Amino acid sequence: MGSNALRKAAINEKAKDFLLSDEVLFKVVKKAADRYIGGETLDETTQKVLHCNSEGFKCSMEYMGESTYTEKEANEATNEFIRIAKEINNQSLNSTISLDLSHIGLAISKDLCLINLTALCDEAEKNNIEVIISAEGIDRTDAIIEMYKEISKTCKNTSITLQAYLHRTKDDFKDLIKEEGRIRIVKGAFETPKNLSIPRGKKLNDIYLNYVDQLLSKNHKCSIATHHHEIQQETKKLIQYYKVSSKIYEFESLYGIQTEQLTALKDDGYTTKLYFVYGKEWYLYLCNRIAEYPLNLFQALKDIVD
Ligand SMILES: Cc1cc2nc3c(=O)[nH]c(=O)nc-3n(C[C@H](O)[C@H](O)[C@H](O)COP(=O)(O)OP(=O)(O)OC[C@H]3O[C@@H](n4cnc5c(N)ncnc54)[C@H](O)[C@@H]3O)c2cc1C
């Protein structure tokens with residue numbers, strides 16, 4: 001019930017406007033959001049990335065935002081992602097770029113999206129920066145995979161995210177493992193009709209690990225993007241069993257979530273990565289982080305009071 005209420009709150013425009021227009025309330029809630037975001041700007045995020053790099057984490061950066069529905073918004077978002085690519089180079093950050101294709105035009109037209117994605121990947125390629133395409137709602141999966149395959153022909157540093165909870169991923173995986181690009185495995189965050197996905201639980205965990213096993217055994221570049229402690233521990237065993245190089249895999253967590261688990265992996269010598277998002281749309285991001293794990297509400301209260 002709590003999760004559903006928060007998901008509703010996240011998309012409630014009136015609640016959002018009220019919060020953003022009230023100076024005191026804004027400051028209070030922002031304190032809770034700060035745990036999960038790089039900041040509101042690229043500059044703030046760069047500082048956090050520099051710090052995390054110095055501690056031995058790789059990082060990924062994303063300019064947060066929802067689907068854009070005008071060409072102007074899609075182009076503006078693309079320019080911000082290009083700015084990230086330049087910043088990574090200028091500041092010598094150990095960071096990749098992550099993005100939703102719908103942010104740079106996929107919800108408008110495939111042509112526009114491909115133009116924008118090409119502009120970003122061309123900039124990133126100049127300095128060997130990896131661009132990781134996120135997975136979105138199942139209604140967009142075909143288009144996202146199509147874009148990925150198209151861009152991979154010219155930009156070798158592009159990676160794709162697959163959602164273990166979708167039944168269709170079994171086939172997508174077989175197809176995409178033939179490509180060289182890194183495959184990031186996530187459980188999946190979007191609501192789907194019941195018959196199209198597997199709910200959280202042992203079955204999904206086993207399927208997730210099976211994908212990881214296949215990737216590691218084939219020495220295919222991959223990202224194990226989960227906060228699930230048991231899955232991380234099982235993955236460690238697989239890495240040792242297959243003697244996988246630290247350049248092939250990475251354990252990846254969202255910044256601010258179960259960071260102590262990722263730190264322990266790093267301290268044990270495993271490759272680890274923190275995923276930063278930044279921007280002004282942090283209200284939605286905060287609600288989603290609490291909704292997916294309602295105990296975070298207590299953490300939010302603590303962050304506000306402290
Ligand atoms: C780097 C990265 C990239 C992602 N990209 C995508 C994407 O492109 N598309 C997509 O659909 N999804 C994406 N996700 C989200 C993903 O699909 C899951 O919804 C999310 O990671 C939570 O699932 P889980 O694997 O951590 O396992 P769960 O089974 O959801 O959680 C396992 C355990 O992890 C811990 N945990 C999980 N979430 C939280 C939280 N918010 N706060 C505190 N503890 C928590 C808890 O201990 C929980 O018991 C991404 C996740 C990561 C880490």
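Which residue lies over the face of F57? K266 does, at 5.0 Å from the ring centre. A charge counts as over a ring if NZ of Lys or CZ of Arg is within 6 Å of the ring centre and within 35 degrees of the ring normal. R289 lies over the face of Y285, at 4.4 Å from the ring centre.

The model is predicted: local features need pLDDT of at least 70, side-chain atom pairs count only at pLDDT 80 or more, and totals for chains, interfaces and linings use all residues. Residues are numbered from 1 along each chain as its sequence is written, and side-chain values use heavy atoms, with hydrogens and water left out.

The ligand is surrounded by 24 residues. K187, G188, T226, E292 and N296 are the closest. By class, the shell holds nine nonpolar, nine polar and six charged residues. Here Ala, Val, Leu, Ile, Met, Phe, Trp, Tyr, Cys and Pro count as nonpolar, Asp, Glu, Lys and Arg as charged, and the others, Gly among them, as polar. Strands β4 (158-163), β5 (183-186) and β7 (249-254) each supply at least two shell residues. Helices (H or I, at least four residues) and strands (E, at least two) are DSSP runs, numbered from the N terminus.

A polar side-chain atom of Q163 is 2.9 Å from a ligand oxygen. A polar backbone atom of G188 lies 2.7 Å from a ligand oxygen. For a polar backbone atom of A189, the distance is 3.0 Å. The protein covers 86% of the 920 Å² of accessible area that the ligand has on its own (Shrake-Rupley method, 1.4 Å probe).

Nine aromatic pairs occur in the structure. Rings of Phe, Tyr and Trp (its six-membered ring) pair if their centres lie within 6.5 Å; planes under 30 degrees apart count as stacked, over 60 as edge-to-face and the rest as tilted. F26 and W282 pair edge-to-face, at 5.3 Å centre to centre and 65 degrees between the planes. This pair links distant parts of the chain, 256 residues apart: F26 is in helix α3 (residues 23-33) and W282 in helix α12 (residues 282-291). Ring pairs also link Y63, F81 and Y278 into a cluster.

T96 lies in strand β2 (residues 95-99). T96 counts as buried because its relative accessibility is 6%, and buried means under 20% relative accessible area (1.4 Å probe, protein chains only). The T96 side chain makes a polar contact of 2.7 Å with the side chain of S60.

Terms used: Near = heavy atom within 4 Å. Polar contact = N/O pair within 3.5 Å; in protein donor to acceptor, adjacent residues only side chain to side chain. Buried < 20%, exposed > 50% of the residue type's maximum accessible area, 1.4 Å probe, protein only.
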